[in-house]
Amino acid sequence: MTDRPPPPAARLRHLLSLREMPAATLHALLDRAQALAEAPAAALRQRLAGQALCTLFFEPSTRTRSSFLLAAQRLGMDTLNLDLAHSSLGKGESETDTVRTLEAMGVRAFVVRHAQDGAVARLAAALGPDTAVINAGDGRSDHPTQGLLDLLTLRQAKGADFARLKVLIVGDVRHSRVARSDIHGLQALGCADIRVCGPAALLPAPEELPGCRFESDFDAALDGVDAIVALRLQRERMVQGLAPPAEAYFRDFGLSTARLARAAPGAVLLHPGPVNRGIELSDELADGPRSLILRQVANGVPVRMAVLEALLA
Ligand code: CP
């Protein structure tokens, strides 16, 4: 089964966003990721052999970059991690000329993280029809592969009927591309009860997230939810004065085992990482049995394999 091509529903040109991605495509990608997670490694090594992938990260990353490199290597790809600090960008070469130069060497897939909204799409538009671009996070807009791995993790824990799920996203929603990609994916799969909660200064305008219920009281927001996605405080994106003091944040919006009791029995915790321990989550909860944080990390590899196949196979 695993050496069969993915179904046509999952064929993609680029992966820039989960906005407007049809449910059939999402399901096909999740099904394929699940199959790849269970497949013997030897069955996959020729899948994308001879094709080259390059990671270009203009912002730091541990999980996304590493799991893309592992995913590509497990599918037999050649991988290149461009060291931006020592690249010719430092001599004034433009980002567009950089990707075109690498494309001329035979790179067929770029994985790009960028601080500016829309920057990854602009680079994709500069490349030829045989080259694919994957958004590894741009500004506060989109982080589609994080959205996919969160959906897979939720589906494994709670089943495939997303219409029955109540999901709470708590924290720095304003600056979070993860929150936006999670919401796009959840809504496409039929989840109708999505709540967002956080300090008023860290919430976007309600019209930015249509269909979501905004809650200012964390305990009320937790009532009966099946899953909580806690977000990282993105201090690097906050203008001065926006960052809340750590103690006050944990008191009002931090999640502990005791507070989780307000959620539905068996409620699970997700966090995209890295976690600010003692601010967003207590250690006990982050490392406890309700936490799916390391499951999310593990799912990142097969999800990114499924995406690479959908773009390149
Ligand atoms: N979740 C996530 O994007 O983590 P990294 O910044 O470590 O890639």
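Helices (H or I, at least four residues) and strands (E, at least two) are DSSP runs, numbered from the N terminus. This is a predicted model, in which local features need pLDDT of at least 70 and side-chain atom pairs count only at pLDDT 80 or more, while totals for chains, interfaces and linings use all residues. Residues are numbered from 1 along each chain as its sequence is written, and side-chain values use heavy atoms, with hydrogens and water left out.

1. Ligand shell. P60, S61, T62, R63, T64, R113, H143, Q146, P272 and G273 surround the ligand (a residue is near a molecule if one of its heavy atoms lies within 4 Å of it). By class, two of these residues are nonpolar, six polar and two charged, with Pro counted as nonpolar, Arg as charged, and Gly among the polar residues.

2. Polar contacts (pairs of N or O atoms within 3.5 Å). Oxygen atoms of the ligand lie 2.7 Å from a polar side-chain atom of R63 and 2.7 Å from an N or O atom in the side chain of T64. Q146 places a polar side-chain atom 3.0 Å from a ligand nitrogen atom. Of the 260 Å² that the ligand exposes when taken alone, the protein buries 91% (Shrake-Rupley method, 1.4 Å probe).

3. Aromatic pairs. The structure holds two such pairs (ring centres within 6.5 Å). In one of them, F218 and F253 are tilted, at 6.3 Å centre to centre and 35 degrees between the planes; planes under 30 degrees apart would count as stacked and over 60 as edge-to-face. Because F218 lies in helix α7 (residues 218-222) and F253 in helix α8 (residues 246-253), the pair ties together parts that are 35 residues apart in sequence.

4. Backbone. Most residues other than glycine have a negative phi, and most peptide bonds are trans. E20, in the segment before α1 (23-38), has a positive phi of about 65 degrees although it is not a glycine. A cis peptide bond, with omega about -10 degrees, joins G273 and P274. P274 is found in the loop between β9 (268-270) and α10 (283-286).

How values were computed
Polar contact = N/O pair within 3.5 Å; in protein donor to acceptor, adjacent residues only side chain to side chain. Phe/Tyr/Trp six-rings, centres within 6.5 Å; stacked < 30°, edge-to-face > 60°.
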